[in-house]
Amino acid sequence: MKLNIEQSEEYGDVEITIRCSAVDAPLRRLIEQLRLYGFAVHGKKDGVTVLIPPEEIYYFESTDGKTFVYKEKGVYECELRLYEIEERFCRGSFVRISKAAILNTQKLKGFRAQLNGKLEAQLTNGERLEVNRHYVPELKARLAEMGGSK
Amino acid sequence: MKLLRDIITGAFCTFTVLSVLFGVLCEADVLVNLPYTQVVFTLLLMSAGTSAFVALRELLLPQAEKLKYAIELPGCTFIILMTVHFAGWLELRAAYFLLVFAMVLVVYLSVWFLTWLQSKHDEDYLNALLSRREKPDPDSEK
């Protein structure tokens, strides 16, 4: 695969063109990632609404009927429900890890098995999240897809 | 829903284990003179007691995942032994009490060990996938 990047002050919006003979699975995943680039989540904190790009999001969590967006430092309330986030983001690098959490796999540092049989996901910002066993097969499949494109 | 599933699974597992125990004791001519219906009723009573205990723990201490085995194992064993004792139908001696306890212990530890083994395997597999994952090289884009 060849990657050409042209940078000039003449250009306005970022434009990405893909030339290929066929769209295969790894390429489809890349396209989905690129599409995510354009999405941003509205997050509210202290009465102020900000736009949060997906690449800055570590995970989404639903607590007491409210959805929260977790960045490296800071938590924002989000108007979207978890299932809406799942529909919108889970084709990219986001994956559901429990009934109440959706994780950005780009922010994953590693996994650790716990004594109670559950898995713990360690994030790059030092946070730890519990992965429900029910969602482990999905997580494996998604990471395998991402790793398989190498 | 999860609670209901836990109760049914708990009841089924307990009944299965106790049925095996019953079979072993019958084979050893220990229970040969006991009426079959009374034995089955006692086994059902034990299952119900165990399930009730599991349900109670789930209701009272829903977040106590780490204490799960520590609480349930002695709790369930205690209920089983008390049911046997108060039912008075199975004239179990201390050795059989120990046998019941040992069986419950084995079942719980086996379940725990298998679950832990599976999560350990998942941990290795997922970490391997993570390390294999393609990471963007910032130098190549410059």
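Which residue does the side chain of Q114(A) join in a polar contact?

1. In this predicted model, the side chain of Q114(A) is joined to that of E120(A) by a polar contact of 3.5 Å. Q114(A) itself sits in a loop of chain A, the one that runs between β8 (108–113) and β9 (119–123).

2. Q114(A) has a relative accessible area of 16%, and because this value is under the 20% cut-off, the residue counts as buried. Once its neighbours within four places in sequence are set aside, Q114(A) is in contact with L119(A), E120(A) and E130(A), and also with W116(B) and S119(B) of the other chain.

3. Turning to the interface as a whole, 27 residues of chain A are in contact with 18 residues of chain B. The area buried between the two chains is about 2,100 Å², and carbon and sulfur atoms give 60% of that area.

4. As for specific pairings, the rule finds 2 salt bridges across the interface of chain B and chain A, one of which is formed by the side chains of K140(A) and D122(B), with a distance of 2.7 Å from N to O. Across this interface there are also 4 residue pairs in polar contact, with both residues of each pair at pLDDT 80 or more.

5. On the side of chain B that touches chain A, helix α4 (residues 94–132) of chain B supplies the largest share, namely 14 residues. Sorted by class, that side of chain B has 8 charged, 6 nonpolar and 4 polar residues.

Methods. Residues numbered from 1 in each chain as written. Chains lettered and ligands numbered in written order. Predicted model: local features only at pLDDT ≥ 70, side-chain atom pairs only at ≥ 80, totals over all residues. Heavy atoms only, no water. Contact = heavy atoms within 4.5 Å. Buried area = accessible area lost by both parts, 1.4 Å probe. Salt bridge = Lys/Arg side-chain N within 4 Å of Asp/Glu carboxyl O. Polar contact = N/O pair within 3.5 Å; in protein donor to acceptor, adjacent residues only side chain to side chain. Helix = DSSP H or I, 4+ residues; strand = E, 2+ residues; numbered from the N terminus. Nonpolar A, V, L, I, M, F, W, Y, C, P; charged D, E, K, R; others polar. Buried < 20%, exposed > 50% of the residue type's maximum accessible area, 1.4 Å probe, protein only.
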